[in-house]
Amino acid sequence: MASDIKVMSAELARDPQSVVFLELGEALRRRGQLEAATGVVLGGLEHHPEVAEGHDLYARLLVDAGDFMRAQQVWSGVLERSPRHLGAHKGLGFLAFRENDLETALEHLELALAADPADQSVVRGLQTVRDAAAEAEVETAAETAAAVEELAGEDHIFAGLEGAEHGLLLVDDRGRVLGGRLLGAHGVDASDAVAAFLAGAAQEAERTAGMLGLGKWQWLVAEGPEGNVYVTPPTAETLLLIQRDRSVPSGRLAMLAERAGDLARQWLEGQQL
Amino acid sequence: MSMAFQQALDNVTRVRGVRGAMLVAGEDGLIVAEALMEGVRGNAVAALAASLQKRFRQAMEAAAVGMPHFLHLQGEGGTLIIVPAPDGVLVVAVGTPDMNVGLVRLEMLRAAESIS
């Protein structure tokens with residue numbers, strides 16, 4: 001190695017315009033002689049400013065020296081002249097990863113891989129960044145879920161009641177959701193649709209009870225093949241719906257409705273204060 | 001009225017507290033057969049039961065629990081129960097608030113089976 005450096009140094013001394021400055025600069029860099037390597041590379045670039053490999057090497061020397069900002073500028077300059085340059089994409093990918101900008105890092109490393117699919121350092125780098133991105137996504141999803149949970153808990157009418165998150169709904173007499181949530185097929189939120197139909201159904205129940213002399217309607221149970229529904233008006237202007245699967249008997253639905261009705265009335269009183 | 005229909009309704013009205021039972025065309029709310037005590041307005045019961053069942057069917061379909069096969073409306077002064085039969089006919093019963101709903105339910109389900 002040392003003899004190679006001597007040979008290359010001698011050649012460059014004889015011919016300052018020689019492109020051997022690239023090999024010599026790289027050899028010096030590998031030996032940790034950053035200052036000497038930088039001098040050689042800058043000298044060579046004075047004669048060959050069009051050689052992208054020289055700028056790439058200079059940028060790597062800047063990274064070695066800790067000047068990341070300048071390195072980024074140099075690599076960006078390389079890409080302006082040579083948009084598919086492998087070294088520049090690798091370098092910028094590394095810098096972006098260092099800044100935790102995983103999206104940009106992935107973008108550059110994928111372009112680097114496209115430039116040379118056999119470069120194992122790119123393959124490994126890409127895997128590292130993809131793992132980090134997946135981890136970050138999981139963390140973000142968990143944080144979002146926690147935030148939603150926290151928000152939902154702040155004014156949850158039916159907090160603490162069994163099935164409060166998916167089978168209890170409080171609506172007003174015009175079919176608008178006041179609280180709770182009802183999940184329909186495939187776990188899709190069906191609250192708004194059910195609320196809209198329920199308001200009409202409850203008006204019909206009231207009309208039926210009145211016209212048939214049944215007095216004020218108290219509740220209605222409807223059994224279906226996939227579940228049972230219990231509807232009751234906790235106040236004159238609201239309706240409470242409880243939905244459960246068929247394993248829950250209607251008597252238990254009634255008990256649950258009583259507790260949910262109490263909570264709904266308390267919540268409605270609180271809203272009027 | 002066929003004997004089968006009448007027999008099905010009689011079995012329902014025999015339960016204590018039932019004031020009337022009827023078979024109603026679910027689509028238009030018209031009476032198909034009836035067995036009512038005096039004072040029960042058959043036409044109104046039929047029309048309202050059909051309408052109520054239709055309304056709740058929409059709500060239950062939106063809630064993904066399927067077509068209702070038993071509806072029980074409880075009022076302070078009485079009870080209305082609807083059991084849809086497979087061919088679109090509704091078996092409807094009205095009764096006192098304290099009628100034996102379990103027994104009525106059984107007889108209505110039998111009636112629904114027998115007429116389909």
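How many bridges join strand β1 (residues 167-172) of chain A to β2(A)? Five bridges join these strands, which run antiparallel. The model is predicted: local features need pLDDT of at least 70, side-chain atom pairs count only at pLDDT 80 or more, and totals for chains, interfaces and linings use all residues. Residues are numbered from 1 along each chain as its sequence is written, while chains are lettered from A and ligands numbered from 1 in the order in which they are written.

**The sheet**

- Ten strands form an open sheet in the order β2(A)-β1(A)-β5(A)-β4(A)-β3(A)-β3(B)-β4(B)-β5(B)-β1(B)-β2(B), with antiparallel pairing; strands are DSSP runs of E of at least two residues, and helices runs of H or I of at least four, numbered from the N terminus.
- The edges are β2 (177-182) of chain A and β2 (31-36) of chain B; each has a single partner strand, so one side of each is left without a neighbour in the sheet.
- From one strand to the next, the twist averages 15 degrees.
- Two strands count as paired if DSSP finds at least two bridges between them.
- Within chain A, A:Leu169 stands opposite A:Gly180 in β2(A).

**Where the chains meet**

- β3(A) and β3(B) pair over six bridges in the antiparallel sense, and A:Leu220 stands opposite B:Leu73 in β3(B).
- The contact takes 34 residues from chain A and 29 residues from chain B, two residues being in contact if their C-beta atoms, placed from the backbone, lie within 7 Å.
- On the side of chain A that touches chain B, α9(A) gives the most, with twelve residues.
- The residues of that side of chain A divide into 20 nonpolar, nine polar and five charged; Ala, Val, Leu, Ile, Met, Phe, Trp, Tyr, Cys and Pro count as nonpolar, Asp, Glu, Lys and Arg as charged, and the others, Gly among them, as polar.

**Helices of chain B across the strands**

- Helix α1 (residues 3-13) of chain B lies across β1 (18-25), β2 and β5 (89-95) of chain B, and runs at about 145 degrees to β1(B).
- Axes are lines fitted to C-alpha atoms, for helices over the stretch in contact, and angles run from 0 to 180 degrees between N-to-C directions.
- Helix α2 (residues 42-62) of chain B lies across strands of both chains, including β3 (217-223) and β4 (228-232) of chain A, and runs at about 115 degrees to β5(B).

**A:Ala52**

- A:Ala52 is in helix α4 (residues 52-64) of chain A and touches A:Val78, A:Arg81, A:Ser82 and A:His85, not counting residues up to four places away in sequence.
- The C-alpha atoms of A:Ala52 and A:His85 are separated by 8.1 Å.
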